[in-house]
Amino acid sequence: MLSFENFKKVFPKRFVKKLESPIVPYSQKINMDDLLNELYDEIKNFNYNPSRCHEHLVFNKRKGVIRISPIFRPKDSVLYYFCVKMIEDEIAKNRVNGTYGGWRLGNPLRFLEEEEASNITEYVNSSSYNPLLWSKYWKEFQKKAQLYSSQNTELKYILKIDIANFYDNINLHILEQKLYTGIGADKKEYIELLLYFLRNWNKAIAGFSEKHMGLPQETMADCSRLLANFYLQDYDEFMKKICDESNSKYLRYADDQIIFTRTETDAKEILFKASKFLLGHGLNLNASKTEVFEDIETYNFYWAFDIFKLLEMDDSLHINDAVRLFLDRLNSNAPFRKHSVLKRILNVEFNKLEPELRHKVISLIYDVDFLLRADYWNLHRIYSNLSSTEKKDFLKKLDELIDSIIYNSYHYNLVKFYVLEGRTFDRERIMDRLKSLKI
């Protein structure tokens, strides 16, 4: 075990800042020195036990299916970060070209301050440890996805697949084997402590029995993101090998994957082999979210590369062209990444939009499904773009949803948005609603 002085050095100021400002505030201010002293003694004396979670955020994942993200108590967040940080040299790797998700917790790329979050997509959670890295690597993934479609004219059959309930279905026994195989014996104590935490953090809800499946989908420090990516490294190597055999291409960002092949036969064979490999790791492909593109045009339309390119030019002419194209695509009812595009549009200055287009974009903001996907930073970006009258209407809409929305992530993001804007609000009403939604 590290000395106490070295133990304290593991936690940078950025981590402490994130710890002190969770989406669900703690009842007491954190004294970091006392917390670290207490945790260090518990680890050293083998009497650490995870606490009941501070809160559980409930999100509308898709079509009413919920995703639950735990908000750990400070000591447990520190413990989780510590364990992963101590082994990140061995697990924070992208071994296969074209896969994204294994960046280090302490990546040297500078951190993104919230006021600079100008290009956040649906894949980026502003509560994550470093949103800039999420955005940076998503853009790299997106560019490579476009590059493969434009430069490899023989790759005409494309699959978009993802893993069903990926975090929930990670087998902790298999993860344990992977960790012990990939990490030296000198770090055994950190692996043991990490696995103890992963098997016991949810005991209060799980009937006080150890967990055997699943990683917590926490957002504070991206520890689960790093472990999940490590879990897929063998799969990435396998996928690259079978894709190389048929001159196909493989891309992955988190659990989203794209496979470029020459023929439908190649695609089906790769899909079969991928499914079989994942079964051995306790995972399955999500059949309902598999997208098949039988030509490059349909694929490019779905990804909306043309709209993103126009938005990147960041001048009034191209922005208005991009919004027109987006609205036309919405009216066509053909599938494309509409939420990603809309979130990107909301980050441009609305005064660059023509009045008619501005009105149509604002009307889309009021869609309940969109507001459920928006976090406090998205709400802030929208609000800062509105006129005084529009702001009143927007706040009224947000207020009207308090009693009807059943996903508490909406309410906690709403409170943080109000605090960020320095606005007064009916805190008692929101707190009463949250009590009624308590897990």
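Rings of Phe, Tyr and Trp (its six-membered ring) pair if their centres lie within 6.5 Å; planes under 30 degrees apart count as stacked, over 60 as edge-to-face and the rest as tilted. By this rule the structure holds 36 aromatic pairs.

The model is predicted: local features need pLDDT of at least 70 and side-chain atom pairs pLDDT 80 or more, while totals for chains, interfaces and linings use all residues. Residues are numbered from 1 along each chain as its sequence is written, and side-chain values use heavy atoms, with hydrogens and water left out.

**Stop 1: Phe7 and Phe82**

Select Phe7 and Phe82. Their ring centres are 5.0 Å apart and their planes stand at 70°, so the pair is edge-to-face. The pair links distant parts of the chain, 75 residues apart: Phe7 is in helix α1 (residues 4-9) and Phe82 in helix α4 (residues 74-91). Helices (H or I, at least four residues) and strands (E, at least two) are DSSP runs, numbered from the N terminus. Both Phe7 and Phe82 are buried, where buried means under 20% relative accessible area, exposed over 50%, and partly exposed in between (1.4 Å probe, protein chains only).

**Stop 2: Phe326 and Phe336**

Next, select Phe326 and Phe336. Here the centres lie 6.0 Å apart with the planes at 75°, so this pair is edge-to-face. Phe326 belongs to helix α13 (residues 316-332), and Phe336, 10 residues apart from it, to the loop between α13 and α14 (338-345). Phe326 is buried at a relative accessible area of 2%; Phe336 is buried at 9%.

**Stop 3: the ring cluster**

Select Tyr100, Phe141, Tyr148, Tyr253, Phe260, Phe293, Tyr299, Tyr302, Trp303 and Phe305; ring pairs link these residues into a cluster.

**Stop 4: His54**

Move to His54, in the loop between α3 (32-44) and β1 (55-62). Its relative accessibility is 16%, so His54 counts as buried. The His54 side chain reaches the backbone oxygen of Pro25 at 3.0 Å. Not counting residues up to four places away in sequence, His54 touches (heavy atoms within 4.5 Å) Val24, Pro25, Tyr26, Ile71, Phe72, Arg73 and Lys438.

**Stop 5: a surface patch**

Finish with Ile66, Ile68 and Ile439, which make a nonpolar surface patch of about 260 Å². Accessible areas come from the Shrake-Rupley method with a 1.4 Å probe; for residues, only the protein chains shown count as cover. Ile68 lies in strand β2 (residues 65-71) and counts as partly exposed at 37% relative accessibility.

How values were computed:
Polar contact = N/O pair within 3.5 Å; in protein donor to acceptor, adjacent residues only side chain to side chain. Patch = residues over 30% accessible without salt bridge, like charges linked within 9 Å, V, L, I, M, F, W, Y side chains within 5 Å. Salt bridge = Lys/Arg side-chain N within 4 Å of Asp/Glu carboxyl O.
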